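Read the following with the sequence and the model side by side.

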Amino acid sequence: MRTGMEQSVGWTPAMDSHGADDGRARATTPPPAVAPPPADLMAAVTTTRPPERHREAGGATVICIANQKGGVGKTTTTVSLAAALAQLGARVLVVDLDPQGNATTGFGLRVAEGDPSTYQVLVDGMAIADATLHTELEGLDVLPSSLDLAGAEVELVPAFSRELRMRRALEDARPNYDVVFVDCPPSLGLLTINALVAADQVLVPIQCEYYALEGLGQLMRTVQLVGDNLNRDLELGGVVLTMYDARTNLSQQVVDEVRGYFGVRAYNTVIPRTVRLSEAPSFGQPITVFDPHSRGSRAYQRLAREVGERLGLAIAPVEDSPLDRLLGGASPVRPSAQEEA
Ligand SMILES: Nc1ncnc2c1ncn2[C@@H]1O[C@H](COP(=O)(O)OP(=O)(O)OP(=O)(O)O)[C@@H](O)[C@H]1O
Ligand SMILES: [Mg+2]
């Protein structure tokens, strides 16, 4: 008998070796639309704490943006979401916890090796306020990173309470912000563990591609382990589908599949794949500044409202048209003037 999981992704288990597969079955069975999920993904997801509508009085909610898979949209989501929330009036801090420093340069900021940065905060115990830079957006600050941070994982190995460094550093910063986003590197090493220990919620970007679900079981298990042992407040805040391409069936299949697994933990807003989103970092501007009316910008503005609503921030509610929800724009999705050019 096929399990619900198999039916939902439309793949047939391999025939056994006792003659059931005469070759014709293989030829007529369509290939799976989405790579099969890890067997324990469902168990890991359902035992991970769900998001709750809450907001601690007087302190920021810390949201760690993590997925050990590279290039799925962690930094784009961090930069765009942070900017959109700041433009809605929230006080936002972005912590760049990736030695690649893409969240830093995404805001047009640059720090040389040795300048105050995430490295000094983690390794030398510098106060976050002393290393933070302001951006051109009001209410939006960045704790920048540089290549120094690449050495931190090794340097912290013998350090006392090495997993708690970011959590402790954020204690003093929390009262100054409504939301703190932590952009993680593409690994589950000590830097990401520091982010998970410091966080109230994990937000997981998932790229709309064949291998969308790969690695998620391991990520969920790590979230669970940290939640059980180091940070009992940690919740799975949600998953965000990124790089949705309306021209492919695959994208929609991934959306259905991921929503099937994550239920309410999947944000309604889906981020489209757009050229403007990929261009914005080279101009050192978040998409909401670079091309505010583009599809990508509107999608992230919408996601910001969803996130803000879930956190109980005082911002305008999300409209509820199904088309809007899927395409991530407040009005039927027309390209911006620059997109049309
Ligand atoms: N929705 C999108 N449409 C088009 N391009 C995108 C989109 N989201 C991200 N990109 C591009 O895809 C690449 C990877 O995105 P991003 O850097 O955000 O991923 P990441 O998960 O942070 O990567 P890493 O794991 O290396 O940190 C970048 O070049 C980015 O500009
Ligand atoms: Mg990144």
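Ligand 1 is surrounded by 20 residues, and the closest include Lys74, Thr75, Thr76, Pro186 and Ser278. A residue is near a molecule if its C-beta atom, placed from the backbone, lies within 6 Å of it. This is a predicted model, in which local features need pLDDT of at least 70 and side-chain atom pairs count only at pLDDT 80 or more, while totals for chains, interfaces and linings use all residues. Residues are numbered from 1 along each chain as its sequence is written, and chains are lettered from A and ligands numbered from 1 in the order in which they are written.

Helix 4 (74-87), strand 7 (235-244) and helix 13 (275-279) each give at least two residues to the shell around ligand 1. Helices (H or I, at least four residues) and strands (E, at least two) are DSSP runs, numbered from the N terminus. The largest share of the shell, three residues, comes from helix 4. By type, the shell holds six nonpolar, 11 polar and three charged residues. Here Ala, Val, Leu, Ile, Met, Phe, Trp, Tyr, Cys and Pro count as nonpolar, Asp, Glu, Lys and Arg as charged, and the others, Gly among them, as polar.

Strand 7 also has neighbours on the strand level. Strand 6 (201-207) pairs with strand 7 in the parallel sense over seven bridges; two strands pair if DSSP finds at least two bridges between them. Strand 6, helix 11 and strand 7 make a right-handed β-α-β unit. A crossover is right-handed if, with the strands pointing away from the viewer, the path from the first strand over the helix to the second runs clockwise. Strand 7 is also joined to strand 8 (residues 266-272) by three bridges, and these two run parallel. From strand 7 the chain crosses through helix 12 (residues 249-262) to strand 8, again as a right-handed β-α-β crossover.

Why is strand 7 largely enclosed by the rest of the structure? The reason is that 10 of the 10 residues of strand 7 are buried. A residue is buried if 20 or more other C-beta atoms lie within 10 Å of its own, exposed if 12 or fewer, and partly exposed in between, with C-beta atoms placed from the backbone. Glutamate 209, in the loop between strand 6 and helix 11 (216-229), counts as buried because it has 20 C-beta neighbours inside 10 Å.
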